[in-house]
Amino acid sequence: MQLLSPDILAEARGLSVVLSVSGVIVGLLLWLLGWWGHRFWVVLAATVAAGILGLYSGPDLGMQRLVAGLLLAVAAGALALALVRLLAFASGGVATWLVMRALVPAWDDLQGQLICLLTGGLVGLLLFRFWIMALTSLAGTLLAGYAGLCLADRLGHLDAAAWAARHTLLLNWACGAAAVLGLVVQFLLDRRRQRGRDGESDGAEGMGRLRRLLTWPWLPRKS
């Protein structure tokens, strides 16, 4: 399994420098702040994917491309937050199935694959926060990796597709390590933010107690 596919790199090598740099920046933001802004990322991904689908499938549905893309984008963006748990379930099941297929390529038991999908989906729901962190970290890593290689190819530093084909194992390990690092960073940032919130709530509770003490009946009140 190739995390950075040479075929995709060969198709994307014509991207402009601006788009490649933008991809690197968005990938790093997703890698670092995936959980903190996961609602934004889910809505953005659903809106963009549905808009692109509408642009391509509009003529087949008897609609203008722009109208179909706009309607699908708005509908997907409106429903994205309501379906975020379904996304976690589906992605958890598919990820577990892909891992099992990579470990056991000859695995053809349909019942076992269904159990694998359902189990992975349930784990994704139970560990929702952890799974979203892992998913956004991996997605950010892949986006930044693809965009970075396309940028290097565009600037003439290397043939990205050929280089990725020769260094598949190195790229897989690098992407895996970067995804794990992103998961740890997101977890630590979330813990720090939770502690800040707890400190603010404790401070607000202390101020409330002080106000109640200062307004005790033995103090004179304004008539």
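Colleague: Leaving aside neighbours within four places in sequence, what is alanine 164 in contact with?
Modeller: Alanine 164 touches Leu4, Pro6, Leu9 and Leu171. Contact means heavy atoms within 4.5 Å. Mind that this is a predicted model: local features need pLDDT of at least 70, side-chain atom pairs count only at pLDDT 80 or more, and totals for chains, interfaces and linings use all residues. Residues are numbered from 1 along each chain as its sequence is written, and side-chain values use heavy atoms, with hydrogens and water left out.

Colleague: How many residues are in the largest nonpolar core?
Modeller: 12, among them Leu4, Leu9, Ala164 and Leu171. Such a core is a set of buried Ala, Val, Leu, Ile, Met, Phe, Trp, Tyr and Cys residues joined through side-chain atoms within 4.5 Å. Buried means under 20% relative accessible area (1.4 Å probe, protein chains only).

Colleague: Which element gives the largest share of this core?
Modeller: H7, with 4 residues. Helices here are DSSP runs (H or I, at least four residues), numbered from the N terminus.

Colleague: New topic. At what angle do H5 and H7 pack?
Modeller: About 70°, with the axes 11 Å apart. Axes are lines fitted to C-alpha atoms over the stretch in contact, and angles run from 0 to 180 degrees between N-to-C directions. H5 and H7 are therefore roughly perpendicular, a term for 65 to 115 degrees.

Colleague: Which residues in H7 do the H5 residues meet?
Modeller: Phe128, Trp131 and Leu135. On the H5 side are Val84, Arg85, Ala88, Ser91, Gly92 and Ala95.

Notes. Helix = DSSP H or I, 4+ residues; strand = E, 2+ residues; numbered from the N terminus. Parallel < 35°, antiparallel > 145°, perpendicular 65-115°, else oblique. Buried < 20%, exposed > 50% of the residue type's maximum accessible area, 1.4 Å probe, protein only.
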